[in-house]
Amino acid sequence: MALQGARLGRDVLFELLQHVPRQSDVSALMRTSKHLYEAGSKPLLAFGVTLTDDQQLQSFCDFILRDASTRAPSLRRLHLKFKLDPESQGNEDDYDEYDGEDEDEDDDGDDDDGAGVKRKTTVSASQKSGQTPPSKVALDKLLKVLPLTQNVEDLRIDWCEEFLELDKKLVEPLISFERLRHLDLHSIGVLTQRVLDETKSKPAEIDLSFSSDEGYDPPELIPCLSRHRISVENIRSSNAELGSISEPFPRVRALALRALCDPDLPSLHKGFPNLTHLTLTKLDIGSADRMRKDNMSAAASSPWGVLDHLCGALEALYILGTSPRVRKLEVEGISQSKTTFAQLHTVVAEAQPSHLILRLESWGSYDVKRVAGLLPSGELAVTHLVLDMSPWVLKGSADAFISGLLALVRKTGLEFLIVRLGRPANAEDSKTPGTVKLDGSANRKLVEAFKPARHGDIVHQLASAAPKLKYVALDVVNEETRYWEVGRGDGGVELRELERMIGRALVRSEGLVANDSASW
């Protein structure tokens, strides 16, 4: 009976391993017993592995090779994140060569890297900065591991061309992968292009980042992806031209063009006729108005369909010419200049979105009185609005800001409003965990005015100004986001605060989560 109970206990623990939410927790459990160490490799590797230095690469390979038949097939996601910038390469003598021996799993001198493999606690400065290139010993081990990991579905390689140049034999095992669904390659050259052209996989998502060096002749994206014309569904690209198109990419629904060098609208239409999601970031252009005029002429003979989601930098969206009709429009980089407001009004009026996300610039200063004029005059289709702003940028009184908000929402038939007063990227953390230091550049009075004690009053004012408003969310720096449901009875506006879990689920279901690509 005792033996049966012990076996039952192990079975329960083995099952629990499959449901542990964090990779580091799986790794910690594996170190508690030999049985869990053996059973934990599959759930551990299911989280994926990110390798950033020579020691990690060797430890990972050693971990796989110790039980290759069980561990190698369990790997689904692999990110080779070595920094191999040719201009910042250090001397190979800057780091210690690994001695080639497996590390003891119970050695107290080792530290777990969160991926279930061991690495030495003491590393050089170049390793800590991520600039240590993989050694020949590590690459030889990787050449043994890659052919065994044929279930990889998500492959990401930073500095891919430079990495493959370390040992060109790496190209063949990468080509042999047959189950890739997502392929993300940064730094495209001859060897990387060969992987793209000859891979046995048909990835549905491809992300290519080309060199952004000044004076670099930007490559053409379309020829690079010709091998995947029929199968690819989602394309993301940086620092490239579209290039000439002879045949369309019929299955592409989502296209993100970051730092597009040549916004060739006819090629965009012809190449991606079934597009539903388009993201454009800042372009390297001269006159936005001239470019817009050229694209308007092109759009006359090749009109847009209806997009589900249009996202990106304001100027990039403006030069599209006649913007496509969209359900969700997401705009970033909104300054307070007259030119910016004119471009914004044009894009919103043409696109007529029902869901609109506006992200103000996160630097400089922004007069809170300008908030009232963010939307164009005239009839609008906007029912869901997100305003993403920073108290470090907004200048003016809290009363003027709230008055601007009220004036803004009166222009619309809003049903859902989210106001975010968030932290800028360069804000310092305070001594209190999870909070941001409100330094001298922050609008403290504005933040104080949006303390939780005043939320009910602010939401009540907004609901009174927008008679169709049903839901409001206030997301203020250093505070938990609060969600409100608006009702209307004989006594006027009635408010009910929603539980945060319900509020977050509601935001997701209404499609108001910001696009990850919007802040490139």
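The side chain of Asp53 reaches the backbone nitrogen of Gln56 at 2.7 Å. This is a polar contact, that is, a pair of N or O atoms within 3.5 Å; within protein, one must be able to donate a hydrogen and the other to accept it, and residues adjacent in sequence count only if both atoms are side-chain atoms. Asp53 sits in the loop between strand S1 (49-51) and helix H5 (54-66). Helices (H or I, at least four residues) and strands (E, at least two) are DSSP runs, numbered from the N terminus. With a relative accessible area of 7%, Asp53 is buried. Buried means under 20% relative accessible area, exposed over 50%, and partly exposed in between (1.4 Å probe, protein chains only).

The model is predicted: local features need pLDDT of at least 70, side-chain atom pairs count only at pLDDT 80 or more, and totals for chains, interfaces and linings use all residues. Residues are numbered from 1 along each chain as its sequence is written, and side-chain values use heavy atoms, with hydrogens and water left out.

The protein has 20 helices and 20 strands. Of its 520 residues, 52% count as buried. The protein exposes about 24400 Å², and carbon and sulfur atoms supply 48% of this area. Areas come from the Shrake-Rupley method with a 1.4 Å probe; for residues, only the protein chains shown count as cover. A contact means heavy atoms within 4.5 Å. Among contacts between residues at least 6 apart in sequence, 65% join residues at least 24 apart.

Helix H20 spans residues 500-509, and its buried residues are Gly503, Leu506 and Val507. They cover an arc of only 100° around the axis, so they lie on the same side of H20. The arc is that of the directions from the helix axis to the C-beta atoms. What covers these buried residues includes strand S17 (416-421), strand S18 (471-476), strand S19 (482-489) and strand S20 (492-498). The face turned away from the buried side carries the exposed residues Met501, Arg508 and Ser509. Just after H20, Gly511 takes a positive phi of about 70°.

A pair of aromatic rings is described by the distance of the centres and the angle of the planes. Rings of Phe, Tyr and Trp (its six-membered ring) pair if their centres lie within 6.5 Å; planes under 30 degrees apart count as stacked, over 60 as edge-to-face and the rest as tilted. The count comes to four aromatic pairs. In one of them, the rings of Phe82 and Phe163 have centres 5.7 Å apart and planes at 15°, so the pair is stacked. Phe82 lies in the loop between strand S2 (77-80) and strand S3 (110-112) and Phe163 in helix H9 (residues 160-166), so the pair ties together parts 81 residues apart in sequence. Both Phe82 and Phe163 are buried.

Phe416 and Tyr471 form a tilted pair, 5.5 Å centre to centre with 35° between the planes. Phe416 is buried at 2% relative accessibility, whereas Tyr471 is partly exposed at 21%.

Val306 is found in the loop between helix H14 (288-301) and strand S11 (307-313). At 65% relative accessibility, Val306 counts as exposed. The C-alpha atoms of Val306 and Leu275 are separated by 8.8 Å. These two residues are 31 residues apart along the chain.
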